[in-house]
Amino acid sequence: MERYLVDYLRNNARTPLAHKYIEMLKVEMDWFIYNYGEQISRTHRRNRKYTLKEKIYNLLVTYSALYMHPKKAEKNVLSSIGFPDFKSQVTNLGYNMLTTILQPASYKQVLGNRNLYKMVKYKNDAIADGCFNDICSESFFNQINQCRTDMLKLLQTYPIKGVFLFTDEYFESKLLIDIAQELNIPTFDFLHGLPGDYSQDVDSHTDYLMVWGQKIKQNYINAGFNADKIIVVGNSKYGNYEKHKNLRNSIEDILVIPTSSTLWHQHSWGEPQLIDRSMIVLYLYQVQHVLEKLNVKHARFRPHPSLNIDWVYSFLDTDFWSKDTQPLKESLNRASLVIGATSTVMLEAIMNGVNYLVFEPQENGKNILRTNLIPPFDGKDEKLHVAFSEEDLYSLLTSKYQVDTTILEDYMQPLDLSPIKKLLLN
């Protein structure tokens with residue numbers, strides 16, 4: 001029996017065009033179904049409000065796309081990744097970096113035209129204030145198809161040697177991948193953190209998957225990915241980092257990174273995962289119960305940015321908990337210990353010299369969200385002990401267990417784009 005609406009619409013599409021673009025718009029269509037409720041933060045709601053800085057940036061992107069023609073060079077790459085270290089390494093490899101109005105990495109060197117601008121605006125307005133049928137319609141599919149032709153012509157104008165993307169899940173990414181494949185331009189998906197899942201439905205659409213470290217590559221291979229398509233290039237986000245042998249590891253100022261009990265879109269085409277949003281609250285009460293046994297009177301909590309921190313706080317013991325709203329680096333530098341669920345913050349904590357105790361309540365291999373545990377948070381890596389129960393967490397705390405800091409090198413290396421050069425078009 002079919003249980004996933006978007007998959008049913010894709011499989012029963014009336015035209016090949018509808019089938020193609022329903023597949024491309026999967027995530028955005030999911031937002032109409034799963035992105036709702038008071039627990040969703042302002043920055044992740046469908047109708048999120050943009051800051052003045054963001055509005056100005058978007059205006060600059062539009063102006064650049066409509067009125068400023070990017071310079072033509074012999075060797076160009078198209079990128080939706082804008083980190084400074086990434087840009088500088090692309091330049092050092094001898095390539096001119098362009099971007100698009102679809103997924104701008106900068107407000108300079110933007111490829112686009114008025115049709116593409118109108119399509120992006122229509123899609124964004126529909127998601128913010130419209131309804132499902134505004135994007136699941138033949139008229140919008142025809143508009144996309146015309147814009148696809150426009151973008152294809154723009155890419156033919158420039159000698160593009162490769163397309164760099166920060167995800168392969170969003171509509172704009174899939175459209176660029178589709179166009180690049182028609183032009184035989186290699187495509188690269190760069191991970192922006194530790195994977196939340198190792199699934200063939202995600203991170204499999206581009207020609208190459210660029211990962212942070214050897215362990216991540218091996219995890220993808222174990223999940224059935226082609227090893228030749230996975231390239232270790234390090235992380236483009238953090239740059240160089242200090243290596244600590246000894247970490248701060250005391251209970252004076254504890255920061256808790258709770259499980260993220262929301263899922264605003266589905267990551268596969270199978271049966272949808274429906275997350276109980278109260279699990280983040282339950283998680284924090286469990287941590288509090290353990291900490292109080294150690295006579296801890298206070299701790300800070302920091303939910304995933306997709307969750308409304310005030311909504312979570314309204315359920316908690318406010319004498320014990322306080323909201324952590326500092327920039328993450330400052331918060332980690334202040335913390336004497338971090339307790340948390342599956343998260344890239346584990347790596348960031350080690351980089352900032354503070355211990356990270358993994359607490360993932362589980363039963364029969366399923367965590368508190370009823371999803372599968374993933375490495376290295378599944379307890380199978382000898383460098384990272386995992387607390388699967390309150391008793392386990394109490395034991396790790398009283399024994400003053402410290403994560404093996406060399407796990408950082410297994411999962412994250414400094415950025416080095418040189419392996420890419422041989423994969424780009426000549």
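Strands here are DSSP runs of E with at least two residues, helices are runs of H or I with at least four, and both are numbered from the N terminus.

Please keep in mind that this is a predicted model, in which local features need pLDDT of at least 70 and side-chain atom pairs count only at pLDDT 80 or more, while totals for chains, interfaces and linings use all residues. Residues are numbered from 1 along each chain as its sequence is written, and side-chain values use heavy atoms, with hydrogens and water left out.

Strand 12 pairs with strand 11 (residues 337–340) in the parallel sense over 3 bridges, pairing being called when DSSP finds at least two bridges between two strands, and Y356 is the bridge partner of V338. On strand 15 (residues 386–387), which runs parallel to strand 12 and is joined to it by 2 bridges, V386 stands opposite V358.

Turning to the aromatic rings, the structure holds 21 aromatic pairs, counted for Phe, Tyr and Trp (its six-membered ring) when the centres lie within 6.5 Å, with planes under 30 degrees apart called stacked, over 60 edge-to-face and the rest tilted. The rings of F32 and F132 have centres 6.1 Å apart and planes at 85°, so this pair is edge-to-face. Because F32 lies in helix 3 and F132 in helix 7 (residues 132–135), the pair ties together parts that are 100 residues apart in sequence.
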